[in-house]
Amino acid sequence: MPNRETTLAGHRALIVGVGGGLGRIIAHAFAVRGAEVILSARSLDTAESVRDELRALGYDGHPIAIDARDEQSVATGVRDAASPTGTAPDILVCCAGIAGPTARLVDTSHEEWSTAIDVNIGGTVRVIRAVLPSMIERRRGSIVVIGSMTGKRALANRTAYATSKMGLVGLVRSLAAEVGPDGVRVNLVSPGPVAGSRLQEVIQAQATARSTSYEQAEKVLLADSMLGGAVPAADVADTVAFLASDHAASITGEDINVSRGLVCY
């Protein structure tokens with residue numbers, strides 16, 4: 001029987017958005033599986049701090065700065081991602097994004113709405129467009145985009161964020177059809193509420209918007225979880241690593257929920 005342990009040895013992976021908790025955990029998961037990891041954050045200092053974390057565990061990473069909101073920054077960062085070996089990444093993980101406003105749509109300004117859409121969709125598109133040419137040329141590549149269950153499950157006061165994340169589903173499905181003949185796979189992972197500081201901020205914002213307690217807002221958010229509780233970040237990272245790996249060679253255009261059953265309701 002073949003060894004089915006997920007490995008990323010021999011792959012170069014550009015992970016955009018390692019400054020957030022989930023991006024950092026994904027970087028760890030890829031390094032452990034043998035990938036050559038390029039660590040991207042808006043701040044080079046942030047990317048270097050994640051590199052230092054990896055080194056402390058016996059791994060390594062190549063830190064670069066990419067601001068997904070700025071096309072020139074993306075172009076420069078993707079060029080840097082090919083250094084020092086001169087080989088462009090054959091794996092791209094897009095997990096940079098913002099939470100956007102927590103407010104009713106009628107109380108959301110056009111600027112707040114536009115910023116959420118531009119960062120979460122526009123930023124993802126900018127990075128993908130910069131990385132795709134080298135993947136198409138080599139007829140090899142795997143792109144994994146981080147979405148959210150909020151794109152598919154109603155959550156009041158989060159319309160901008162939900163719209164941006166649902167937009168990523170359409171992006172991934174159509175892009176997979178476009179580049180499949182070129183040997184490039186494109187998939188999306190939709191996490192449920194991921195345990196950590198960002199989830200705590202979202203819950204607090206929901207509590208404020210609904211004039212209720214933090215505990216009540218948390219209870220409402222997690223009430224329908226089939227397995228109970230929030231999603232461990234490591235579970236999301238393991239799913240991303242599998243989709244990026246050669247073991248998922250026949251998987252493209254898919255949207256995988258890692259939500260402890262929440263999306264089913």
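**Stop one: Thr 124**

Select Thr 124 and show what surrounds it: apart from neighbours within four places in sequence, Thr 124 is in contact with Cys 94, Val 119, Val 145, Leu 168 and Leu 171. Thr 124 itself belongs to helix 4, which runs over residues 110-138. Is Thr 124 buried or exposed? Its relative accessibility is 5%, so Thr 124 counts as buried, the cut-off being under 20%. Thr 124 and Asp 52 are 72 residues apart along the chain, and their C-alpha atoms are separated by 26 Å.

**The whole chain**

Zoom out before the next stop. This is a predicted model. Colour by secondary structure, and the protein chain shows eight helices and seven strands. The radius of gyration is 18 Å, close to the 18 Å that the globule rule gives for 265 residues, so the chain is as compact as a globular protein of that length. Along its principal axes, the C-alpha trace spans about 55 × 45 × 40 Å.

Switch to a surface view. The chain exposes about 12200 Å², and carbon and sulfur atoms supply 53% of that area. Of the 265 residues, 48% are buried. Colour by charge next: there are 25 positive and 28 negative side chains, and the centres of the two sets lie 3 Å apart. Among contacts between residues at least 6 apart in sequence, 73% join residues at least 24 apart.

**Stop two: Ser 148**

Select Ser 148, in the loop between strand 5 (141-146) and helix 5 (159-179). Ser 148 has a relative accessible area of 7% and is therefore buried. Which backbone nitrogen lies 3.0 Å from a polar atom of the Ser 148 side chain? That nitrogen belongs to Thr 150. Beyond the neighbours within four places in sequence, show Tyr 161, Lys 165, Val 189, Ser 190 and Pro 191, which are in contact with Ser 148.

**Stop three: Leu 262**

Go on to Leu 262, in the segment after strand 7 (255-258). Leu 262 has 0% relative accessibility, so this residue counts as buried. Leaving aside neighbours within four places in sequence, its contacts are Met 149, Arg 153, Pro 193, Leu 221, Asp 224 and Ser 225.

Key: Residues numbered from 1 in each chain as written. Predicted model: local features only at pLDDT ≥ 70, side-chain atom pairs only at ≥ 80, totals over all residues. Heavy atoms only, no water. Helix = DSSP H or I, 4+ residues; strand = E, 2+ residues; numbered from the N terminus. Rg over C-alpha atoms; globule rule 2.2 N^0.38 Å. Buried < 20%, exposed > 50% of the residue type's maximum accessible area, 1.4 Å probe, protein only. Contact = heavy atoms within 4.5 Å. Areas by Shrake-Rupley, 256 points an atom, 1.4 Å probe, with all protein chains shown as cover. Lys, Arg positive; Asp, Glu negative; His and termini not counted. Charge placed at Lys NZ, Arg CZ, Asp CG, Glu CD. Polar contact = N/O pair within 3.5 Å; in protein donor to acceptor, adjacent residues only side chain to side chain.
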